[in-house]
Amino acid sequence: MNKPINIHTPLTDEICEALTVGDIVLLTGDVITGRDTAHRRLSDAVLAGDPLPVTLAGATLFYAAPTPARPGQVIGSIGPTTSSRMDRYTPMLIERGLRGMIGKGKRSAEVRDSMKRYKAIYFGAMGGVAALLAGCVRKAEVVAYADLGPEAMMHLEVVKFPLVVVNDVRGGDLYEDAAARYRR
Amino acid sequence: MCSVREISCKAIIETVRRLFLEANTELGDDVLRCLNAAVSREASEIGRYGLEKIQENARIAREMSVPLCQDTGLAVLFVEMGQDVRIIGGNFTDAIQKGVRQAYRDGYFRKSVCDPLSRRNTGDNTPAIIHSEIVRGDKIKIVAMPKGGGSENMSRCFMLLPAAGTEGVRAAVVESVADAGPNPCPPVIVGVGIGGSMEQSAILAKKALLRPLGESHRNDPRLQRLEREILGEINKLGIGPHGYGGFITALAVHIEMMPCHIASLPVAINIQCHATRHKEAVI
């Protein structure tokens, strides 16, 4: 297993180009959360030509909705949801500057193509280890769509958040490579 | 003479509340044992890393009494109601919903239930899904099962031709797990329901997930063998923990079966991530 690579947001061309499928990454910096309904709203806003409530240029989007924080906690448990549900909206967001995505599971061919074209990276976060991942979150605040409750978009400040590069800027795919390697 | 035992709604509310609070923060000993065995069998280094993180997560969740997963699930319940029970102090279904509401509020769990079309959140994780049956006796058995959406989405129902037989069942299960790939947070537990009707096969598949990990079907040697063989085939797919590659794609395959129509062979596959959360109580 490769040694973890420390990277900081915002993700630049240089950072994205240096990452390869299978790299273990510890991400520090700013990410925003958004999942199903938030994506639908972002897409509606883009199509209507309305301003977006978050800045996409250089942003890293985490497909997640945490449990509520208890008094004294920064955040509750947090982990990735299945990314493919966001696929239909993703190329539109990448065209508008989105550089990093954090989730779990396979992406569509259209998303992977647009990642290649615009040099974006898709990171896998481990599913079902949300109590552990919460320990990497230093700050959390709702920044858009508060009425969505758990699905509201949040800004998170994370430190050494453990990720794996699933799709890189060259079109590589960890899930395909890994399964082929261990298939018997 | 017929004796009737009274059980109060208050006791039902409190039991449901406690079961969901425990289920969402404590991974069962059967799962932990299974994960221990899996770590030693996993040849892939990144696969072992993924399994160890799952173990570490379970330890943190239990010690801090926080949810294992941010998806604290749709609240599914299996209820066995003794026919000699009389519910007092309110309505049974309302009591269950109230217990669920309290658990999700008091446990700081995510409210993950919404209107299917408007997607508006119901705000309190209700309504819960209640499967109930009437049985002998004067007790109520309640099983609380918070079910995550990511693995549920990868579940399937097939109405196979009877001619497809055992081979058809095997192929349907393996294909479902292969197609799901990394999406349902492997390693998974695969619940399979064979027979009954379309909806009954799905209920059997979900009930199969309640069986302790490591136990094979209790009395049918055909199913015991089929469970073993399908698990072997799934673990040759290469998907591995979190889909990062490896030999542990599933921890177990559990099959439940019942007779079906002469024209049919219903097969339902309910996928469950490693966080197979269920707690039960008898009142």
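Chain B holds an open sheet of 4 strands in the order β4-β2-β5-β10, and its pairing is mixed. Strands here are DSSP runs of E with at least two residues, helices are runs of H or I with at least four, and both are numbered from the N terminus. Two strands pair if DSSP finds at least two bridges between them. The edge strands of chain B are β4 and β10 (279-282), each pairing on one side only. Neighbouring strands in this sheet are turned by 15° against each other on average, direction ignored.

This is a predicted model, in which local features need pLDDT of at least 70 and side-chain atom pairs count only at pLDDT 80 or more, while totals for chains, interfaces and linings use all residues. Residues are numbered from 1 along each chain as its sequence is written, chains are lettered from A and ligands numbered from 1 in the order in which they are written, and side-chain values use heavy atoms, with hydrogens and water left out.

Strand β5 (residues 140-147) of chain B pairs with β10(B) in the antiparallel sense, over 4 bridges. One bridge partner in β10(B) is E280(B), which faces V143(B). Strands of a sheet pair through backbone hydrogen bonds, either parallel or antiparallel.

Two helices belong to this picture. Helix α1 (residues 9-23) of chain B lies across β2, β5 and β10 of chain B, at about 40° to β5(B). Helix α7 (residues 198-208) of chain B packs on the sheet and touches β2, β4 and β5 of chain B. The direction of α7 makes about 95° with that of β2(B). Contact means heavy atoms within 4.5 Å. Axes are lines fitted to C-alpha atoms, for helices over the stretch in contact, and angles run from 0 to 180 degrees between N-to-C directions.

**Another sheet in chain B**

Chain B also has an open sheet of 4 strands in the order β6-β9-β7-β8, again with mixed pairing. Here β6 (156-160) and β8 (250-260) of chain B stand at the edges with a single partner strand each, so one side of each lacks a neighbour in the sheet. Neighbouring strands are turned by 15° against each other on average, direction ignored.

Strand β7 (residues 188-196) and strand β9 (residues 265-272) of chain B pair in the antiparallel sense over 6 bridges. In that pairing, I194(B) stands opposite V267(B) in β9(B). Helix α6 (residues 165-180) of chain B packs on the sheet. It touches β6, β7 and β9 of chain B, and its direction makes about 155° with that of β6(B). Helix α8 (residues 221-234) of chain B packs on the sheet too, touching β7 and β8 of chain B. The direction of α8 makes about 140° with that of β8(B).

**Where the chains meet**

Contact joins 48 residues of chain B to 42 residues of chain A. The two chains bury about 3,700 Å² between them, 60% of it on carbon and sulfur atoms. Buried area is the accessible area (1.4 Å probe) that two parts lose on being put together, summed over both. Q70(B), Y108(B) and Y244(B) supply 20% of the area that chain B buries against chain A, more than any other three residues.

Between the chains there are 0 salt bridges. A salt bridge is a side-chain nitrogen of Lys or Arg within 4 Å of a carboxyl oxygen of Asp or Glu. On the side of chain B that touches chain A, α3 (45-64) and α6 each supply at least two residues. α3(B) gives the most, with 10 residues.

**Salt bridges and backbone**

Over all chains, the whole structure has 36 salt bridges. In one of them, the side chains of R112(A) and E176(A) meet at 3.4 Å, N to O. R112(A) is in helix α4 (residues 109-118) of chain A and E176(A) in helix α6 (residues 174-182) of chain A, 64 residues apart.

| Peptide bond | Form | Omega |
|---|---|---|
| T9(A) to P10(A) | cis | near -5° |
| T126(B) to P127(B) | cis | near 5° |

P10(A) sits in the loop between β1 (5-8) and α1 (13-18) of chain A. P127(B) lies in the loop between α4 (92-106) and β4 (129-135) of chain B. S65(B) has a phi near 55°, a positive value in a residue other than glycine. Its place is the loop between α3 and β2 (74-82) of chain B.
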